[in-house]
Amino acid sequence: MKSILIRALSYIKEVAYVLGLWSPTHSKELLDSISNFITVNKPYWPECSCSKKGVLVEGHLSAYGPNYLVRTAIAARAIQEKTGLDIEVVFNGFSHQWDYSKNVYQSFGIHKWIYLSSHYILVNFVLYFFSRVLAVWYKLSLKNPEDILKITFNSIKVGDLIYDDVLRETKSNTIDCIDSKVTKCISKSLYFYFQYKLLFYRRSYSYYISTHTAYSEYGLLCRVALMYDIKVIETSDIQMSLYSEISNNNLPTYHDGIKNSILDVFDNSQVDLDRLCLEAKESLHQRLDSKISQIDAQKAYRGKVYTKKELKHALGIRNEKKIAFVLAHIFKDAPHLSSSMLHADYYQWLFTTLEICSRSTDLNWVVKPHPSSILYDECGLIEKMVDKLNSANVFICPDDLNTKSLSVCADTLITVHGTAGLEYSCLGIPVVLAGKPFYSEFGFTIEPDSKANYEKALLNLNNVTALTDKQINKALEVYAIWNEQFDWHNPIITSEVQANVWGSDIPRDLEEAYRLLTENLLVNDPRKLKLWLFAQDAVK
């Protein structure tokens, strides 16, 4: 009932907004900052007269952060320059929710919009109630939370998106039961699915530009686009991926997109891998010294660099056994970012892993929380799990430990998708994976294919030796390709801009984010960004 009332209020607001009787309020400072950005940005983008529709841009996150808006707009204009196709922006809601985003898009020479909540206003009522009824039918087929992962729409897997929706909606670490909250998320996913199907059925596009492939709101739009043979470009804050086909063994996910790009480079015989490896070693050195402008990396690589002796002293370890690091993830932050993982979510993975660690007494196990756990209100959760375990050989990592310490302290690592698994493979440290990150299946990581084999791998980890030179070289090659393709040093959308959008270590401040973007645009041409070149290269 509450959701229906909220929806009705949104319709009332929309009517009042369209009739000019009401408008959303924004601070004068924010509007001034946006106005300054528009003034500086507009000269870069001369108007383009295009008659044929062809490029669709996801505007869902454009009001949340200008970083998302700017990246999608630049990618769209890059494609338009190569193809002459017109650009439309789709917003998942009403026009009043994106009142100033529209003005910013116009500064890029983009003038066409689709507001899904008001565009199909009568049909949406039918879709809304049909989705709620159909969701009940889906719920009845679920026997346990893991069955959510098996849900498909039109034979395409969507359960991973719905599972992550539930974690986000409930702010939970895991899913304990099939309840009304699960039904609600299935219903919302179905509603998005039908809306997106209708969108592509009524309109013809060649390219779709997305900020994310995770969660139903974003991920489903990517999957439906691919079902209509539309190329999908994903451009998050530093990552860029291209997807051109879909199947249940080839889904558009963050890690699979990166991996496909890496495989494409390996297939190119003209690539100088020796040069890339030399560059990888230098880049890895800079990363370990926290000299790259990426928020998670900067958080991970600061603090005290421990020697193994210092770490043992700090943890009270008085034996000479090997040290294995368990690198935890953010529990509720979209765990299903690859094609598969052994456990239903990050919490279940860690809970199972810690129980196995407590039985593997021939190793010292050190659990390291994720550096961005504070952003998700998860501080202290992993510490409580370790305390509750009360195992003599399982320790919580010191708060001030710089992740660089792993290079001299870790004999082996365990992760699901963590980038550290690639970084420390380059240093010869063996890594056990419980998922399929972008660097998996290249022969330098330990990849159990079942929960039973995962347990065996951990219990036998004491016998694992350092990586061979051949494995290290392959890890360096993968690292080099990944590092070269990522947009680490974007001079316009900097880490300072991202921090102000996310509220990372500082209060969230969109006014400051727009101010910084404007300042950066004054001295940097957006057509020279790596993103611009990537989007143009996507046009065949």
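Which helix holds both E512 and R515, and how many residues apart are they? The views below come from a predicted model.

**View 1. The salt bridge between E512 and R515.** Both residues belong to helix 21, which covers residues 510–521. They stand three residues apart, about one turn of the helix. An α-helix has 3.6 residues a turn, so side chains three or four places apart point the same way. The closest N and O atoms of E512 and R515 are 2.7 Å apart. E512 is partly exposed, at 23% relative accessibility, and R515 is partly exposed as well, with a relative accessible area of 39%.

**View 2. The salt bridge between R275 and E484.** This pair is one of the 23 salt bridges in the structure. The N to O distance between the side chains of R275 and E484 is 3.9 Å. R275 sits in helix 11 (residues 273–288) and E484 in helix 19 (residues 469–485), so the contact ties together parts that are 209 residues apart in sequence. R275 has a relative accessible area of 35% and is partly exposed. E484 is also partly exposed, at 39% relative accessibility.

**View 3. The salt bridge between K332 and E378.** The side chains of K332 and E378 meet at 3.1 Å, N to O. Each residue comes from a loop: K332 from the one between strand 9 (322–327) and helix 14 (346–359), and E378 from the one between strand 10 (363–368) and helix 15 (381–389). The two positions are 46 residues apart, and the pair links distant parts of the chain. Both K332 and E378 are buried, that is, under 20% relative accessible area.

**View 4. Helix 14 and its buried residues.** Helix 14 has 14 residues. From its first C-alpha to its last it reaches 20 Å, close to the 20 Å expected at 1.5 Å a residue. Which residues of helix 14 are buried? They are Y346, W349, L350, T353, L354, I356 and C357. Viewed down the axis of helix 14, the buried residues fall within an arc of 165°, so they line one face of the helix.

**View 5. The largest cavity.** Rolling a probe the size of a water molecule over the atoms shows where empty space is left. A search of the whole structure finds two cavities of 30 Å³ or more. The largest cavity has a volume of about 40 Å³. Its lining consists of Q239, M240, S241, G257, I258, S261, W482, Q485 and F486. Strand 8 (240–243), helix 10 (254–267) and helix 19 each supply at least two residues of this lining, and helix 10 gives the most, with three. By class, the lining has four nonpolar and five polar residues, with no charged ones.

**View 6. The second largest cavity.** About 30 Å³ of space lies in this cavity. The residues lining the second largest cavity are F153, I156, V158, Y193, L220, R223, V224 and M227. Helix 9 (residues 215–227) provides the largest share of the lining, four residues. Seven of the lining residues are nonpolar, none is polar and one is charged.

Terms used:
Residues numbered from 1 in each chain as written. Predicted model: local features only at pLDDT ≥ 70, side-chain atom pairs only at ≥ 80, totals over all residues. Heavy atoms only, no water. Salt bridge = Lys/Arg side-chain N within 4 Å of Asp/Glu carboxyl O. Buried < 20%, exposed > 50% of the residue type's maximum accessible area, 1.4 Å probe, protein only. 1 Å grid on protein atoms, 1.4 Å probe; cavity = no way out; pocket = protein on both sides within 12 Å on 5 of 7 lines; lining within 4 Å. Points joined across faces, edges and corners; volume = space filled by probe spheres on them. Nonpolar A, V, L, I, M, F, W, Y, C, P; charged D, E, K, R; others polar. Expected span 1.5 Å × (residues − 1). Arc of directions from axis to C-beta.
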